[in-house]
Amino acid sequence: MAGSERSENHLSESPRRELAPPVPGEGEGGVFSQSWFPVCLSVDLKPGCVVGAGFLGGRVVAFRGEGGGPARVVSAYCVHVGADLSVGEVVGERLRCRFHGWRYGGDGRCVATGIGDPVPPRARLFRFPTVERYGIVWAFNGEEPLFELPELPYPDDELVVRRSMLDEMPVEPWLVQAHTMDLQHLSLPHEFELAEDPNDSVRVGRYSVGFDLRARLRGDADFDVRVDIHGTNIFWQTGTLDGRWFFWIAPLAIPGPGRSRATFVFGARREEGEDTVAAEAFLDRAFSVMMDLFNDDTPVLGTIRFRPGLLTRSDRALDRYLQYVRDYPRANPAADFLV
Ligand code: FES
Ligand SMILES: [Fe+2]
């Protein structure tokens with residue numbers, strides 16, 4: 001009797017999935033994570049050139065003066081009647097709209113109309129804080145940056161570096177990085193043999209989160225690295241592969257909600273007396289190890305419908321990360337300018 005009651009009760013329960021508090025999507029409520037985001041590669045922004053890019057669900061342009069000075073990132077649509085400035089041109093240090101010739105300085109202010117009319121006092125583009133580092137032009141989603149980009153421990157001239165920009169992916173940057181903090185997946189499917197539980201080394205700051213990882217990988221590679229995520233979109237890994245120092249940076253651009261675009265920058269320090277061929281051979285090896293891991297992940301990342309549900313002991317780092325993302329500052333001060 002008791003058994004049949006239990007069974008009836010069981011049958012009458014409607015199945016419900018246990019869900020943790022949701023993580024807000026990028027663009028939800030009109031706001032996005034306040035972080036540094038790649039806009040384009042430095043090599044694609046020659047002196048006197050302008051390059052358009054999707055950003056925060058809208059559009060920006062990066063440009064560089066004819067003198068080859070610093071890169072600038074501003075909203076893409078001319079404040080006169082909205083021509084896309086990526087089809088404009090750079091004249092001296094200024095960006096000139098192709099339609100009626102309004103000119104903008106690097107701070108986004110309009111300095112002249114094409115026909116000589118007075119410049120309306122509020123005629124300005126949105127100027128993003130911009131830096132150029134690691135071969136990437138970065139823009140910060142905010143009036144002022146909340147944090148600086150991290151530094152590598154060695155100067156550029158001691159490094160051999162490669163970089164490439166991947167195609168856009170239908171997944172948000174924070175979700176790709178959730179995968180970084182998903183330490184359960186290091187054992188399955190990546191088959192790491194962990195030297196210790198990286199959940200025990202998790203550190204959480206206001207604008208970064210990370211952990212230390214020592215493991216033996218498939219093919220017997222020895223991996224000893226520090227992994228950090230800056231903002232919600234910048235993967236930052238430095239450490240050693242088979243005892244040799246290397247770094248792997250993978251910041252994700254955010255063209256719009258539900259989308260991201262990765263740039264891989266990886267490199268090593270040229271060792272004393274080492275020729276380029278030997279350094280490049282090491283980079284080939286590092287690349288193949290990392291791409292092996294990336295290829296494990298892409299079928300899942302390309303199809304996942306990520307909903308934080310029932311987490312277990314091995315998900316402690318992921319749990320902390322999800323809370324970090326929920327608390328992460330979001331804004332969109334350029335919203336009125338970008339679309
Ligand atoms: S739309 Fe740019 S000057 Fe008129
Ligand atoms: Fe992975």
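I started at Gly 256, which touches Phe 32, Leu 56 and Gly 57 once residues up to four places away in sequence are left out. Touching, or contact, means heavy atoms within 4.5 Å. This is a predicted model, where local features need pLDDT of at least 70, side-chain atom pairs count only at pLDDT 80 or more, and totals for chains, interfaces and linings use all residues. Residues are numbered from 1 along each chain as its sequence is written, chains are lettered from A and ligands numbered from 1 in the order in which they are written, and side-chain values use heavy atoms, with hydrogens and water left out.

**Entry 1: Gly 256**

I looked up where Gly 256 sits. Its place is in the loop between strand S19 (244-253) and strand S20 (260-269). Helices (H or I, at least four residues) and strands (E, at least two) are DSSP runs, numbered from the N terminus. Is Gly 256 buried or exposed? Gly 256 counts as buried because its relative accessibility is 0%. Buried means under 20% relative accessible area, exposed over 50%, and partly exposed in between, with a 1.4 Å probe and protein chains only. I also checked Gly 256 against Glu 271. They are 15 residues apart along the chain, and their C-alpha atoms are separated by 41 Å.

**Entry 2: Ala 253**

Next I took Ala 253, which lies in strand S19. Ala 253 has a relative accessible area of 8%, so it is buried. Which residues does Ala 253 contact, leaving aside neighbours within four places in sequence? I found Phe 37, Pro 38, Pro 173, Arg 259, Ser 260 and Arg 261. I then compared positions with Val 161. Ala 253 and Val 161 are 92 residues apart in sequence and 20 Å apart in space, C-alpha to C-alpha.

**Entry 3: the whole chain**

I stepped back to the chain. Its secondary structure comes to six helices and 21 strands. The C-alpha atoms fill a box of roughly 90 × 65 × 30 Å, taken along the principal axes. Of the 339 residues, 47% count as buried. I looked at contacts between residues at least 6 apart in sequence, and 59% of them join residues at least 24 apart.

**Entry 4: the largest cavity**

I turned to empty space. Rolling a probe the size of a water molecule over the atoms shows where empty space is left. On a 1 Å grid over the protein atoms alone, a cavity is a set of points where a 1.4 Å probe fits but cannot get out; a pocket is an open set with protein on both sides within 12 Å along at least five of seven lines; lining residues have an atom within 4 Å of a point. Grid points are joined across faces, edges and corners, and a volume is the space filled by probe spheres set on the points.

How many cavities of 30 Å³ or more does the structure hold? I found one. About 450 Å³ of space lies in the largest cavity. It is lined by 26 residues, of which His 179, Thr 180, Phe 235, Met 290 and Asp 297 lie nearest its centre. H4 gives the largest share of this lining, six residues. Among the other elements that each supply at least two are H2, H3, S19 and S20.

**Entry 5: the largest pocket**

The largest pocket has a volume of about 400 Å³. I counted its lining at 24 residues, with Asp 182, Ile 304, Phe 306, Asp 315 and Leu 318 nearest its centre. Helix H2 (173-180), helix H3 (184-187), helix H4 (276-301) and helix H5 (316-327) are the elements that give two or more residues to it. H4 gives the most to this lining, with four residues.

I checked H2 by itself. Eight of its eight residues are buried. Pro 173, Trp 174 and His 179 are among them.

**Entry 6: backbone angles**

Most residues other than glycine have a negative phi, and most peptide bonds are trans. I looked for exceptions. Tyr 134 has a phi near 60°, a positive value in a residue other than glycine. Tyr 134 is found in the loop between strand S11 (130-133) and strand S12 (136-140). Its relative accessible area is 11%, so Tyr 134 is buried.

Glu 191 has a positive phi of about 65°, although it is not a glycine. Its place is in the loop between H3 and S14. Glu 191 is partly exposed because its relative accessible area is 46%.

Pro 189 lies in the loop between H3 and strand S14 (193-194). The peptide bond from Leu 188 to Pro 189 is cis, with omega near 5°.
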